[in-house]
Amino acid sequence: MAADALTIALVYPELLGTYGDRGNLLALVHRGRARDLPVRVLEVAPGDPVPGEADLYLLGGGEDSSLLLAWELLREQPVLTSALENGTPCLAVCAGFQLLSEQFAGPDGSVRAGMGLLDVRCGRLAGERAVGEVVADAVGLPIGRLSGYENHQGDAALGADATPLGRVTAGTGNGHDSHEGAVQHGVVATYLHGPVLARNPALADHLLSATTGATLEPLEHAAVERLRHERFAAATAAR
Amino acid sequence: MSGAGRLGLWGGARFTSAVQTSSDRPRSARLNAATYAARAVSALSRATGRGGGGVIGGRVLLALAPDAARTLAAGRYVALVSGTNGKSTTTAMLTAALRTLGPADTNADGANTPPGITTALAHGDAGRVVLETDEGWLPWVVERTRPQAALLLNLTRDQLTRNPEVASVSNKWRAALDDVPLAVANCDDPDVVWPAMAAARQVWVAMGQRWTADSVLCPRCGGRCDRDGVRWSCAACGLTRPDPDWWLDGEELVAPDHRVKLSLTLPGEANLANAALAIAAASDAGADTAEAARAIGEIRQVAGRYASYDVDGKRVRLLLAKNPAGWLEATRMVSETPSPIVHRPIILGFNSEGVDGRDPSWLYDVTFDALRGRDIVVYGKRGTDMTVRLEIDGFTGVEQFPSLEGALRALPDGPVDVVANYSAFQDARRWIGRGR
């Protein structure tokens, strides 16, 4: 086990964290510490520089106005772009997913250039806002079935360089080709809240492994397994 | 006094003579018939065990006489109480305070949308009416009841799967409050201050704001709201915290030339702040602050909230928490009062019915740190979400049961706190009320 602490940067939680995405950090810390991995957390406040030395970056979801402010601030943070281009792992949820894409649609529908780290174009879903339980079979990563809750108007069309995170069996996801999310470089991007790492410990472990380069001991969490069972059943019943 | 004319009519000592009772006021035959029909339907609803009957009766009334609220409010002193958290309690407090002046009607059943509000107006004769008002319906209620005062508590996120963003509610309030003579408002919440400034006159009360995650952005311009202690201001447009006219000094409510002791039966700092808002409004309406404080101090429960019940050897205290800011306050409240007793177990009830919001992801936006060290038992249809939330945050030994009954049975006799979200709270009240 590495003696150095694993450093996780939570980027702009005040702006990108409306839907409980802080829980992704808690899930990583919980599963890391259970394996005796020392974890250090850096919370990056809006306006503060994003540190370049983090081992893992977390970007959460946000409402339209906070998404735009986060975007204004992140444009001036080349450190994050180069870290992610170099393959540093990152989880980007909902608004965070859109920010890392080639382009995304603002609240008025106008198209804006994103950070361009993902070969993905985000616009607006043709139909109503996607709200509800989601089930997807992971395809980009060996992590089984994904459970989450979506609440978004944005869509996501994947280009050739991005791989979908999953294939939707219940819910909307990206709104194209039954895809959910995207994987490229070390970035895992998704529309799933829940929080996604609390509901999908295999994805949390994937990020921890990608960060440390180590294979992790299996870790059973009975309440989480019960939660997954309940949510899969609810998603099937609702659709 | 600013704003002569209409305001003066409602001010202080002259108030009583200006009040009409409903028997003095002419009502149309249509409205009388509609009111009669609504009462009959309400009674039927109660008799068949379908609830208080106010909402269904109000629907009948609105269907038969769509303008009923406007007609029934005319000529009366109307005060609205709105915000995300504290509405029911502050409504009860203002009603108690105004009753030191004379009769006052209210929607004490918490039915705070048009049917419930119309019912409350139809069922009473009092010259003063205090209406708990759903924050989304505030524009509708303002337009019809022409209130003399709007009491504005706070605006924070609540059920984002079905409610608009906070800034959008704040701006709807702004447009609605344009014609209101007086806003009695929390100066610590930017989302409240911006709309309150639209009223003709303001009384600012420093209620504090522990939950600041929804006022990071300025409601006026979308710029960043910077906070420095209690002060806040928008770097972009300059919207700034107004100086309070009333503030709390421990358990005393203070104004520049005034000081009154609050001796609440209800627990917690949040209720001291609610009382401050109610007394500031009552004082403006002519009530004596000491008498108002005494009346408020006698409130023991609000629609079951804060009430204690003896249940099979347990002394159960019930609290309601509906959204992130509410859970933050409730978990602190049960840790502060009666005293921080770590060995008093706590039961958390959590559902996700329609009224609760279907997506409980926000449980992770709330810190549950106030509960560390206590025995925690969870119940409810989404109890597993709560259990996972706590375990991922390092809580151990959390037990979970499908129902409150099971949760209570797992605990030793003695005092226990129950904090539950809306439908889990109502389930608990019903179960406890069933012959216990």
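In chain B, 6 strands form an open sheet whose order is β2-β3-β1-β4-β5-β6, with parallel pairing throughout. Strands β2 (104-106) and β6 (201-205) of chain B stand at the edges with a single partner strand each, so one side of each is left without a neighbour in the sheet. From one strand to the next, the twist averages 15 degrees.

This is a predicted model, in which local features need pLDDT of at least 70 and side-chain atom pairs count only at pLDDT 80 or more, while totals for chains, interfaces and linings use all residues. Residues are numbered from 1 along each chain as its sequence is written, and chains are lettered from A and ligands numbered from 1 in the order in which they are written.

Helices (H or I, at least four residues) and strands (E, at least two) are DSSP runs, numbered from the N terminus, and two strands pair if DSSP finds at least two bridges between them. Angles run from 0 to 180 degrees between N-to-C directions, the axes being lines fitted to C-alpha atoms, for helices over the stretch in contact. Two residues are in contact if their C-beta atoms, placed from the backbone, lie within 7 Å.

## The sheet of chain B and its helices

Within this sheet, strand β1 (residues 77-82) of chain B is joined to strand β3 (residues 128-132) of chain B by 5 bridges, and the two run parallel; B:Ala79 stands opposite B:Val130 in β3(B). Helix α6 (residues 87-98) of chain B lies across β1, β2, β3 and β4 (149-152) of chain B and runs at about 170 degrees to β3(B). Helix α11 (residues 269-284) of chain B lies across β1, β4, β5 (182-186) and β6 of chain B, at about 160 degrees to β5(B).

## Where the chains meet

The contact takes 28 residues from chain A and 23 residues from chain B. On the side of chain A that touches chain B, the elements giving two or more residues are α1 (22-34), α2 (64-74), β9 (145-152) and α7 (222-238) of chain A. The residues of this side divide into 13 nonpolar, 10 polar and 5 charged, where Ala, Val, Leu, Ile, Met, Phe, Trp, Tyr, Cys and Pro count as nonpolar, Asp, Glu, Lys and Arg as charged, and the others, Gly among them, as polar.

A residue is called buried if 20 or more other C-beta atoms lie within 10 Å of its own, exposed if 12 or fewer, and partly exposed in between. In α7(A), A:Ala223, A:Val224, A:Leu227, A:Arg228 and A:Arg231 are buried. They cover an arc of only 140 degrees around the axis, which puts them on the same side of α7(A); the arc is that of the directions from the helix axis to the C-beta atoms. On the other side of α7(A), A:Ala222, A:His229, A:Ala233, A:Thr236 and A:Ala237 are exposed. The buried residues of α7(A) pack against β8 (130-138), β9, α5 (196-199) and α6 (201-212) of chain A, together with α14 (383-392) of chain B.

| Strands | Direction | Bridges |
|---|---|---|
| β8(A) and β11(A) (residues 166-170) | antiparallel | 4 bridges |
| β11(A) and β12(A) (residues 179-180) | antiparallel | 2 bridges |
| β4(A) (residues 90-93) and β14(A) | parallel | 4 bridges |
| β13(A) (residues 182-184) and β14(A) | antiparallel | 3 bridges |

From β14(A), A:Val187 and A:Ala189 point one way and A:Val188 and A:Thr190 the other way, and all are buried. A:Val93 stands opposite A:Thr190, while A:Gln184 stands opposite A:Val187. The hairpin of β13(A) and β14(A) has 2 residues between the strands, and there A:His185 takes a positive phi near 50 degrees.

A:Tyr191 lies in the loop between β14 (187-190) and α5 of chain A, and this residue is buried, with 33 other C-beta atoms within 10 Å. The C-alpha atoms of A:Tyr191 and A:Glu150 are separated by 6.1 Å, although the two residues are 41 residues apart along the chain. Leaving aside neighbours within four places in sequence, A:Tyr191 has contacts that include A:Cys94, A:Phe97, A:Glu150 and A:His152.
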